[in-house]
Amino acid sequence: MTLEIWLLFAAVLFAFGLYAVVARRNLIAVLIGVELMLNAASLNFMAFNRFVATDPATGQIIVLFIMGLAAAEVAIALSIVVQVFRNRGGIRTDDLNELKG
């Protein structure tokens, strides 16, 4: 497989994630969309690492950093979702239009 195929696949994956973030009204679906976008970025780094980079560890280190960032993001976002559900009784983004607690 060539670099162009991997980049096209990552672009499609990123587009699905962006659609999930923009079009969905459920906070869990938005979180899944963000994860898809992070996975697309990781796939781009690994594709460029495979076909372009001279040092094979460069892309892998960046992908490990993205994986750690994604894990931290999921932990914080899920705790926010649980707190919103406790306070509001639902997790629809349309209902979250004010900042007071």
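## Helix 1 and helix 2

Helix 1 (residues 3–23) and helix 2 (residues 27–51) have axes that come within 7 Å and cross at roughly 165 degrees, where axes are lines fitted to C-alpha atoms over the stretch in contact and angles run from 0 to 180 degrees between N-to-C directions. The two helices are therefore roughly antiparallel to each other, a term for angles over 145 degrees. By class, the contact of helix 1 with helix 2 has 21 nonpolar, four polar and no charged residues; here Ala, Val, Leu, Ile, Met, Phe, Trp, Tyr, Cys and Pro count as nonpolar, Asp, Glu, Lys and Arg as charged, and the others, Gly among them, as polar.

This is a predicted model, in which local features need pLDDT of at least 70 and side-chain atom pairs count only at pLDDT 80 or more, while totals for chains, interfaces and linings use all residues. Residues are numbered from 1 along each chain as its sequence is written, and side-chain values use heavy atoms, with hydrogens and water left out.

## Helix 2 and helix 3

The axes of helix 2 and helix 3 come within 9 Å and cross at roughly 175 degrees, and these helices are therefore roughly antiparallel to each other. Their contact has 16 nonpolar, five polar and two charged residues by class. Helices are DSSP runs (H or I, at least four residues), numbered from the N terminus.

## After helix 3

Gly 90 is found in the segment after helix 3 (57–88). Although Gly 90 and Leu 27 are 63 residues apart in sequence, they lie 9.5 Å apart in space, C-alpha to C-alpha.

Terms used
Parallel < 35°, antiparallel > 145°, perpendicular 65-115°, else oblique.
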